[in-house]
Amino acid sequence: MTMAGPQHAVIEVTDAKMSFGAVKALDGITLAIQPGECVGLVGHNGAGKSTIVNVVNGGLTLHEGRIALGGQPVDKYNVKVARDHGVRCVFQELSLCPNLTVTENTRIIHSSLSGWGWRKRASSVVRAKLDEIFPGHHIQVGALVGDLTISEKQMVEIATAFSEIAQKVRLVILDEPTSSLDASLAAQLLKYVRAFIKTGGSVILISHILGEILSTCDRIVVMKDGKVVAARPSPEFTEHSLVESMGSVVKGPSARPVRDISPGTPVLSAARRREQGLPFRAHKGEIIGLAGLGGHGQTETLTDIYLRHSGNWLREQTPKVAFVAGDRRLNGVFPLWSIIKNMSISHLADLSTKGLIHRQDEMKLVETWKAKIEVRTKNVENTILSLSGGNQQKVLFARALATRADVVLMDDPTRGVDIGTKQEVYSILRSEADKGRTFIWYSTEMDEICLCDRVYVFNNGAIVAELKGDEVTEKNILAASFMGAAA
Amino acid sequence: MINWFTRDAARLLIPALSLTVLLLVIFYLQPRAMSYNGLNLLFNLAVPIALATIAQMLIMTVNDLDLSMGTFVSFVACVVATFLNTNPLLGVAILAASIVVYAALGVLIHVRNLPSIVVTLGMSFVWGGLAVLILPAPGGQSPVWLRAFMVSKPPLVPLAIIASILIAVVAHLLIMRSSLGVVLRGVGGNLRSVERAGWSIVRARATIYALAALFAILAGLALVGLATSADANIALRYTLLSIAGVILGGGEFVGGRVSPIGAVIGALTLTLAGSFLSFLRISPDWQIGAQGMILIVVLALRLLFNRLEKQRKSA
């Protein structure tokens, strides 16, 4: 066997296809990372960035497609093969063990650290790497990770990923590494990334701060809907052209019903988050979209509003807000209960006297809503899990709509729901809004955001833009989501 | 410079203090306890409890709970007092097989994603049944060597103290210092990150369950050595005592936060609580209640301590 030449890609993924249920996460992607290059990966929510990252680090197995390492095709690719080949990943959500020290976490990441004196070796390796990447840091390697601040945790995670112990580090994937670092630490990291590239290593950088991507990467790959829509050397891009290429082919002005609710007294308002950005307000009968990249403060805003307007200990007679959860399995359905019980749970106070539930009233309520939102089931006594995902979500909608709450909060409720059900949900929302209900809708999907009357765009935990009427366009939303941290 | 005043050290401080206070009160009530024989008598029965507590702590390291600890130790005691005495080879084989069963339970719990309390609760009836089959009535006899070892009198320091220290040190080296222990605690702390680093979680669970079985077997051996005979219900109290000991010693139910030294101290404290009551001439019927009170006081102290710590940090 001849040695793999230097021109062979570190890793090459060809025609990668993956789908989760009805959602096509990857739709025939080809991506090759050469030694000594930094590739920037950008795209809006659901573009498939995380999926391709998990394919490259071995966490997900491709449904279709091939993977080659150093020019050699690999049959069985998994986390272990990836690590043995020198592929490391720094995950967006922090993934260290909080009950272990920095040194001990290094041991977890590097299985070759064992035998007598492993503690000493691990400490010196991780301390040296921290000193190299973040000179002037104040992290003690004997400290428990749970006691560190969030940016220190991120620094430790980056340092352990770049540490070399048994194998050479060939490729490091950095998924939003600067989101919890301040400006000077981010600069230190990006400087180190450039130095690492010079020594022949490769980096895949994912960031919503386009300035970082443009200044650090050699090549930028733009993804949309599981496809690569543009891949060019970074000098050929500008912030403006990047944002444009992330959007879809420019559509004509959509037939969006433009409604401007006259600015009367808002039914709901919230102060600015973290002393930054714009305050939030909502008027009667409005559908308000919360846009921006996932995890930039939308869910927190919704839960804040909910907690502020619902009773602390006791349930209020007439709740002001109702909540439709996004993660059905985690905080939506009661999996062992019937459809009836799942739907009527938020309404039980109105259906009962002296603590006993009126079965007939409950049935009437459920049948009304079943007809109204067309839950497809023969018998509402069936368990909720007998329904398809989309219909389960409809039950959750009915649960919120059946209350007398004026404001309905929705946390990306149509995740993983088929397109037909979505259309039905949209029309229910519109008719309920026309009756005077207010909807606050966090969605990761551009089409849904474009249905809203008014849109707040979130970036780094704060509202950075308010768009209304004809301003609600994909282009404007993308521009605000990817604005530099300075905004 | 190393910051010694870490959360882990603070975690150990409260159990150590409570043991000291309890010991001082006992010495005040009964000065004769302050002798070689007195200390040996006070702490004798703590040795099997400490071993069972370490076994429970190992299970709790991976966020599980073993509700069969008491019946398993009873089962082991019955095997030791019968088979190990009359047919040592068969006795060792049975004990080795029980370790394999524990490892298999770990695999089952992980692979089928079952709650450990349900599986071990079920197993507690299996162990209890086997124990009754082996010894339908109290009886059997401790192997001579075991009895001789448990009543031996080393110079200067009583065996009970030496054994407790030894258990604490071995468990500390195993779970807190070794590279294996780090991975096992990592499973409790953040399972996903350990998995992503390429470790086999199934193997980690099997290892920790097998280790727990080993310590539980040692507990059964020590118990028979002290009691000279066995009974199918001899160690039923150990299930709750071992859990209480781990918690008292600074461990937590989830998150892989455990402390072997603390666990041993917790076991000693719970044993002393019984003696403390008899010195006060209070009926032993109150013992469990008193142990519960001690647990509540210590946990309240820990909460208070954590709150102070948080305030200091945010200040």
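Q: Where is Leu156(B) found?
A: Leu156(B) sits in the loop between helix H8 (144-150) and H9 of chain B. Helices are DSSP runs of H or I, at least four residues, and strands are E runs of at least two, numbered from the N terminus.

Q: What kind of model is this?
A: It is a predicted model, where local features need pLDDT of at least 70, side-chain atom pairs count only at pLDDT 80 or more, and totals for chains, interfaces and linings use all residues. Residues are numbered from 1 along each chain as its sequence is written, with chains lettered from A and ligands numbered from 1 in the order in which they are written.

Q: Back to Leu156(B): what is its phi?
A: Near 70°, a positive value in a residue other than glycine.

Q: Is Leu156(B) buried or exposed?
A: Leu156(B) counts as exposed, because it has 7 C-beta neighbours inside 10 Å.

Q: Which residue of chain A has a positive phi although it is not a glycine?
A: Asp412(A), at about 45°. Asp412(A) lies in the loop between strand S17 (407-411) and helix H15 (419-434) of chain A.

Q: And is Asp412(A) buried or exposed?
A: Asp412(A) is buried, with 22 other C-beta atoms within 10 Å.

Q: How much of chain A is buried?
A: Buried residues make up 45% of its 487 residues.

Q: How many helices and strands does chain A have?
A: Chain A has 17 helices and 20 strands.

Q: What does its C-alpha trace span?
A: About 75 × 55 × 45 Å along the principal axes of chain A.

Technical notes. Buried ≥ 20, exposed ≤ 12 C-beta atoms within 10 Å, placed from the backbone.
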